[in-house]
Structures are given as C-alpha cells and as structure tokens.
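Student: I am new to this structure. Could we go through it together, please?
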Amino acid sequence: MFPPRFDYRAPRSLEEALALLAELGREARPLAGGQSLIPLLKLRAARPSCLVDLRYLGLDALGEEDGRLVVGATVTHAALERSPLVRDRYPLLHDAACVIADPLVRNLGTVGGSAAHADPAGDWGPVLLAARPVLVAAGPAGEREIPAEGFFVGSFETALAPEELLVRVVFPRRARGGGAYHKLRRRVGDFATVGVAVDLALDEAGAIEHCGIGMSGVGLSYVRAAKAEEHLRGRRPDRAALRRAAEIAAEEVHPVSDHRGSARYKRELVRVFTLRGLERSLERASA
Ligand SMILES: Cc1cc2nc3c(=O)[nH]c(=O)nc-3n(C[C@H](O)[C@H](O)[C@H](O)COP(=O)(O)OP(=O)(O)OC[C@H]3O[C@@H](n4cnc5c(N)ncnc54)[C@H](O)[C@@H]3O)c2cc1C
C-alpha cells in the first residue's frame with residue numbers, strides 16, 4: 001500500500017523546522033523515525049500535505065548533564081539499548097528499549113516520536129510516568145517544560161501544540177534509585193499486552209522515598225498506579241508492603257478484554273509485573 005502524495009521538507013535547524021510548522025499549520029506533520037507515521041499515511045488515517053523531517057536538527061544527543069540524563073527527541077530506541085551509560089545507570093530505560101518491537105523498528109523509531117505518538121500500548125509512556133522526567137517542547141514562543149504526568153492527555157493525544165516539537169526528555173538520576181520494566185507480548189515485535197514500569201528510590205534510612213508505577217495496555221491512555229505508589233511512599237520495602245502495593249495496582253486498573261487477552265488476565269499481569277518490578281528495582285537500588 002502506498003501513502004498519498006506529500007511534500008517533503010528537511011530543515012537543517014530547529015528554527016527552520018519551527019518556522020515551517022508555524023507556516024503550514026495542521027497541513028504539516030513532523031517526521032522522526034516514521035515507524036508510526038508512515039503506516040498511518042498508508043492506511044489513510046493521516047493525510048498531511050507536508051512531512052517535516054527532524055533528522056537533521058541535532059536532536060540526537062544522549063548523555064548526562066548536571067546529574068540528569070538528557071535524551072534528545074530523535075534518539076532511537078536502539079541508541080538507548082546500546083548505551084553503556086543507560087544500561088548501567090538508568091536500567092528502567094534500558095529494559096524498555098530492549099523490548100520495543102524488533103531491531104529494525106528500534107534502529108529507526110525514536111523516543112520523541114513514541115512520546116508524541118502516545119499509543120496507549122506503547123512502551124515509553126509507562127516509563128515516563130514512572131521515572132517522572134521533564135519533557136521539553138520548543139515552539140514559536142521558545143521552550144517550555146512539561147512534567148511527564150501532564151504530557152499524556154489521552155489516547156494518541158499529548159499536551160504538545162501542533163506548532164510545537166518535543167526536543168528532549170530530561171530524566172532525574174536518583175541516589176539509591178533503581179527501576180525495571182516488564183512487558184508481556186504475544187510474539188517478538190508485538191506491542192504490549194500489558195507493560196509495567198517501576199521506578200523507586202530509597203532514603204538514607206532505607207525507606208521508600210520515591211515510587212513511580214506506570215502501565216500500558218490497561219486503559220485508553222497510560223495509567224499511573226497512584227494509590228499503589230502512595231501505599232509505598234515512606235514505608236520500608238519489606239515483602240508484605242511490596243505485595244500489597246502490587247494488589248492495589250491491580251485494583252486500580254480497568255482493562256478491557258480484546259484480542260491480546262481478557263480483562264481478568266491483564267489485571268493479574270499488572271499484579272505480577274508490579275511485584276516483579278518492585279523487587280527488581282529494589283535489588284538495583286540496593287546494588
Ligand atoms: C512493526 C512495529 C512494531 C512496533 N512495536 C512497538 C512496541 O512494541 N512498543 C512500542 O512502544 N512501539 C512500537 N512500535 C512503534 C515504534 O516504537 C515507533 O518508533 C514509535 O511509535 C514512533 O516513533 P517514530 O520515531 O517512528 O515516530 P514517527 O512515526 O516519525 O512519528 C510518530 C508521531 O509523532 C510525531 N512526532 C515525531 N517526533 C516528534 C517530535 N519530536 N515532536 C513532535 N511530534 C513528533 C509525528 O508527527 C507523528 O505524529 C512499533 C512499530 C512498528 C512499525
């Protein structure tokens with residue numbers, strides 16, 4: 001199947017790209033890895049008259065700055081998968097990058113494209129909800145910071161305005177922190193039946209200081225297990241507390257039955273993956 005005819009622009013600077021988006025309005029769509037947008041064009045689910053390629057804007061930096069991890073919007077899933085820094089210090093991101101689709105998609109698909117696309121079965125959404133980075137958008141009026149909790153507005157909907165670009169995602173590095181991502185997919189390359197991201201950090205006395213739990217595949221958008229997080233905050237991470245938090249997370253979600261699994265099965269996956277995620281995060285935080 002071929003996409004409809006479109007104009008293609010490849011600006012060489014962020015300013016040029018933003019000017020094009022402002023000039024063309026809803027007729028234009030940013031193009032990152034094309035792994036979601038091109039299939040949408042082929043299905044006629046999107047009909048922009050112009051694609052604005054983001055590949056030449058220098059948005060592919062990946063590294064630590066002032067103790068935080070800065071991930072440029074066009075950093076690919078594969079770059080995160082292969083980065084020793086990410087593997088050693090940000091294991092939640094590494095876990096997720098390794099289980100997205102297949103190597104072909106990971107080589108082209110980007111973190112910014114995934115966040116902007118906001119597919120409720122995607123893997124970056126739960127990771128962002130758990131790790132609580134700041135997403136930086138650039139638009140005609142300059143840059144603005146959007147906290148992860150406010151970025152996803154609904155199914156395939158974000159807080160980005162049409163004339164804005166997501167330019168980078170900035171992750172905090174937490175002392176005594178650890179994270180983990182668990183995903184069930186029916187076959188290699190599939191989207192998640194359920195995905196659960198956990199990010200936690202301990203205080204100096206060993207109690208849980210930060211806990212983030214994000215999920216995909218269990219709602220119309222990504223879901224945060226806010227009550228389970230609240231249950232753990234300030235507690236010592238003993239087995240009973242972790243088990244109870246996993247049960248609360250399962251009670252908080254309202255999945256629907258579909259071709260990937262029944263609602264009951266998905267709820268049970270949330271419980272099991274939350275417990276595994278908490279245990280693995282704790283191991284990593286204590287290492
Ligand atoms: C076979 C297959 C299997 C897949 N499996 C998975 C999976 O298991 N898990 C998963 O999470 N994903 C999966 N994906 C999706 C993949 O991760 C894509 O990479 C991702 O959803 C979109 O990233 P992209 O860079 O390709 O964005 P594009 O397809 O280029 O763009 C997606 C959307 O975001 C917009 N956009 C892109 N970048 C920006 C930006 N910087 N600022 C503002 N808007 C922007 C575009 O205009 C478009 O609307 C799969 C895709 C395929 C084809």
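The conversation below turns to the ligand and its surroundings, then to a loop residue.

Tutor: Please keep in mind that this is a predicted model.

Student: Which residues come nearest to the ligand?

Tutor: They are Pro30, Ser36, Leu37, Thr110 and Asp123, out of 30 residues around the ligand.

Student: And which backbone atoms lie at what distance from an oxygen atom of the ligand?

Tutor: For proline 30, a backbone N or O atom lies 2.5 Å from a ligand oxygen atom. For alanine 101, the corresponding distance from an oxygen atom of the ligand is 3.2 Å. A nitrogen atom of the ligand, in turn, lies 2.9 Å from a backbone N or O atom of leucine 166.

Student: How much of the ligand's accessible area does the protein cover?

Tutor: The ligand has 980 Å² of accessible area on its own, and the protein covers 89% of that. The space that the ligand takes is the largest pocket.

Student: Which elements give two or more residues to the shell around the ligand?

Tutor: Strand S2 (28-31), helix H7 (111-117) and strand S10 (165-172) do. H7 supplies the largest share, with 4 residues.

Student: Changing topic, where is threonine 76?

Tutor: Threonine 76 is in the loop between strand S5 (68-72) and helix H3 (77-82). Its side chain reaches the backbone nitrogen of alanine 79 at 3.0 Å.

Student: Why does threonine 76 count as buried?

Tutor: Threonine 76 counts as buried because its relative accessibility is 17%, and buried means under 20%.

Conventions:
Residues numbered from 1 in each chain as written. Predicted model: local features only at pLDDT ≥ 70, side-chain atom pairs only at ≥ 80, totals over all residues. Heavy atoms only, no water. Near = heavy atom within 4 Å. Polar contact = N/O pair within 3.5 Å; in protein donor to acceptor, adjacent residues only side chain to side chain. Areas by Shrake-Rupley, 256 points an atom, 1.4 Å probe, with all protein chains shown as cover. 1 Å grid on protein atoms, 1.4 Å probe; cavity = no way out; pocket = protein on both sides within 12 Å on 5 of 7 lines; lining within 4 Å. Sits in = over half its atoms within 2 Å of the grid points. Buried < 20%, exposed > 50% of the residue type's maximum accessible area, 1.4 Å probe, protein only.
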